[in-house]
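Dear colleague,

Please find the structure below, followed by a summary of what was found in it.

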Amino acid sequence: MTAARPAQPIKLYGSAISGHVHRVRLFLAMLGLPFENIEIDMRKRENRTPEFLARNPFGQVPVIEDGELALADSNAILVYLNERYAPDPARWMPRDPVGAARVQRWFSVAAGPLAYGPAAARVIALFGRDTDPAETVARSHALLSVMEMHLQQQPFLAGPDATLADIANYAYVAHAPEGSVSIDAYPNVRGWLERVEALPGFVPMVRTPVGLGAVA
């Protein structure tokens, strides 16, 4: 099956340290699509400029521009890229009702327990926020415990094969130690991370020396 190709490189506005941005960069790489990284410095509040807010009024990264289309929200972008450019969209987003629902369930996890657990714990460490991380660390381990049991039954989050569910959840789990959330006690989760990292076209997210990842 011949896949569509963008008329020009897709512009990806984001930050290299953002897991939300990484999931889009990862999928672009896996699809072999040409794209241009445009770094947005969150510390300098470049995501709050009028120019950026015109692309996404919520002031969040990532945003892509594909020709005249500007699209925000990492999970929405994954769906768009899959439907428009994947050689076999069903490969990443099952067409049967149960398979599609399972992917959507993990999209919700990515936007909920993952965002308010491992991702939030990492933000506290990354930006040196004066916030007690204990609650976010506890939420992170609650999520990882559920994932550990779930991944005992199957190799990927939504079934036997990798889907957009895995792309959406990978980065913040892989980088949980940067928020002082150890994944040592979760062998099934670590095995899943390794399987994602073995997928063709995989690209890692930059690691930051904070939390358990700090250089001694």
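In which strand is the place of Asp66? Asp66 belongs to β3, residues 63-66 (strands are DSSP runs of E of at least two residues, helices runs of H or I of at least four, both numbered from the N terminus). This is a predicted model, in which local features need pLDDT of at least 70 and side-chain atom pairs count only at pLDDT 80 or more, whereas totals for chains, interfaces and linings use all residues. Residues are numbered from 1 along each chain as its sequence is written, and side-chain values use heavy atoms, without hydrogens and water.

Asp66 has a relative accessible area of 10% and is therefore buried (under 20%, with a 1.4 Å probe and protein chains only). Beyond its neighbours within four places in sequence, Asp66 is in contact with Pro6, Ile10, Tyr80, Arg84 and Tyr85 (heavy atoms within 4.5 Å). With Tyr85, the side chain of Asp66 makes a side-chain polar contact at 2.5 Å (N or O atoms within 3.5 Å, one able to donate a hydrogen and the other to accept it; residues adjacent in sequence count only if both atoms are side-chain atoms).

The largest pocket (an open set of points on a 1 Å grid, where a 1.4 Å probe fits, with protein on both sides within 12 Å along at least five of seven lines) is lined by 31 residues (those with an atom within 4 Å of a point). His20, Gln60, Val61, Val123 and Tyr172 lie nearest its centre. Helix α6 gives the largest share of this lining, 8 residues.

Yours sincerely

Note on methods. Buried means under 20% relative accessible area, exposed over 50%, partly exposed in between (1.4 Å probe, protein chains only).
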